[in-house]
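Subject: A structure for you to look at

Hi there,

Here is the structure I promised to pass on to you. Please open it beside this email and follow along as you read.

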Amino acid sequence: MMVVLSGLLAASLAIGLPVGSAYADEPTDGTGAGTSATEVLDSLEVNGRAPKTGYKRTQFGKAWADVDHNGCDTRNDILNRDLTGVRHKWRTHNCVVKSGKLHDPYTGKDIKFKKGKKTSTAVQIDHVVALSDAWQKGAQKLSEERRTALANDPYNLLAVQGRANQKKSDGDAATWLPSNKGFRCEYVARQIGVKHKYSLWVTQAEKEAMAKVLSSCPTQTVPDYTGVKDSTAEKTTESEQTEQTQTEQSAEQAQQTQQTTQAPAPEPAPAPAPAPQPAPQQDVYYQNCTAARAAGAAPIYQGQPGYRSQLDRDHDGVACE
């Protein structure tokens, strides 16, 4: 045994490795986690934005694929991770989230989530480094398998307010930052970690914007966790949910009783009927979800061009999931 150890030590010294490096654990996630975010930012390549030519959502694999093979799609994996007080759709093996509450890191607001055609879009899953941005900054050179991993990597995904997600679109740190200033350091540091992990570059304007944010938090490190650290949202037990629901129902019934005992107000004169408005024309039409995915449009949220209820099988406001 001593001979073997001596041989390894001699080999390490011969090639210039520090003593003990033959046994050192190599970092496996590639994010630079735990390291100064500013240092990792300085290690990223700085380059211009490449053309968006050829970008399609399908270049990053099937939307919300079950890449970890746990029987649950990525979208619901993230909802289960980031929401509190979660309730699941019956017979989905605790996968499909029916309701819950999100403490949105982008706005700092608490948002109630309820799965449904008109309500699901209140909470959306954001790619911290947008896929279009990634495509224009190095992802074109990645394999399809690697791009699929990027699109479904929990490290690059956060459940956020739908309006904030739509406003961000595919912007980088130079064009969009969360309105919640207390989250900006962590947000930028995670973008840096994602770009380091997948060998993506930054533009000069993007690097300057990131550096400006990090100047206010010089000790910020690249996150070594998924989700949001130290969320201020409180966990809600099932019994607390039931009690809260009963309280809300009692308050609503009391309000209705009070309204019925009050003298009814005189009815206002009927307003003239408004002139009929022409039905809005959809400027985008997809025959089916296959066509939508081929165009890189899936998933399509209600209100976005191309959305049709016929494409939204579970009527949760998100078509072609």
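Let's begin with one residue and its surroundings. Leaving aside neighbours within four places in sequence, tyrosine 106 is in contact (heavy atoms within 4.5 Å) with Asp126, Val128, Leu158, Val160, Ala164, Lys168, Trp176, Pro178, Ser179, Asn180, Phe183 and Tyr187.

Before going on, a word about what you are looking at. This is a predicted model, in which local features need pLDDT of at least 70 and side-chain atom pairs count only at pLDDT 80 or more, while totals for chains, interfaces and linings use all residues. Residues are numbered from 1 along each chain as its sequence is written, and side-chain values use heavy atoms, with hydrogens and water left out.

**The nonpolar cores**

Tyr106 turns up again in the largest nonpolar core, which has 37 residues: Tyr106, Ile192 and Leu200 touch the most other members. A nonpolar core is a set of buried Ala, Val, Leu, Ile, Met, Phe, Trp, Tyr and Cys residues joined through side-chain atoms within 4.5 Å. Buried means under 20% relative accessible area, exposed over 50%, and partly exposed in between, using a 1.4 Å probe and protein chains only.

Which elements supply at least two residues each? They are α2, α4 (131-135), α5 (144-152), β5 (157-161), α7 (184-197) and α8 (204-214). Helices (H or I, at least four residues) and strands (E, at least two) are DSSP runs, numbered from the N terminus. Helix α7 gives the most to this core, with 6 residues. Apart from this core lies another, of 13 residues, among them Ile78, Val123, Ile125 and Leu157.

**The salt bridges**

Side chains of opposite charge can pair when their charged atoms come close. How many salt bridges does the structure hold? There are 12, where a salt bridge is a side-chain nitrogen of Lys or Arg within 4 Å of a carboxyl oxygen of Asp or Glu.

Arginine 49 is partly exposed, at 39% relative accessibility, whereas aspartate 133 is buried, at 2%.

Arginine 49 also meets aspartate 172 in a salt bridge (3.0 Å, N to O). Because aspartate 172 sits in the loop between α6 (162-168) and α7 and arginine 49 in the loop between α2 and α3, the pair joins parts 123 residues apart in sequence. Aspartate 172 is buried, with a relative accessible area of 4%.

Aspartate 172 forms a salt bridge with lysine 137 as well (2.7 Å, N to O). Lysine 137 lies in the loop between α4 and α5 and aspartate 172 in the loop between α6 and α7, so parts 35 residues apart in sequence are tied together. Lysine 137 is buried too, like aspartate 172. Arg49, Asp133, Lys137, Asp172, Lys195 and Glu206 are linked in a network of salt bridges.

**Around Cys95**

Cysteine 72, in the loop between α2 (37-43) and α3 (74-82), is buried at 6% relative accessibility. Not counting residues up to four places away in sequence, cysteine 72 touches Asp66, Asp77 and Cys95. The C-alpha atoms of cysteine 72 and valine 96 are separated by 7.7 Å, with the two residues 24 apart along the chain.

Asparagine 76 is found in helix α3 and is buried, with a relative accessible area of 6%. Leaving aside neighbours within four places in sequence, asparagine 76 is in contact with Cys95, Val96 and Val97.

Enjoy exploring!

Best wishes
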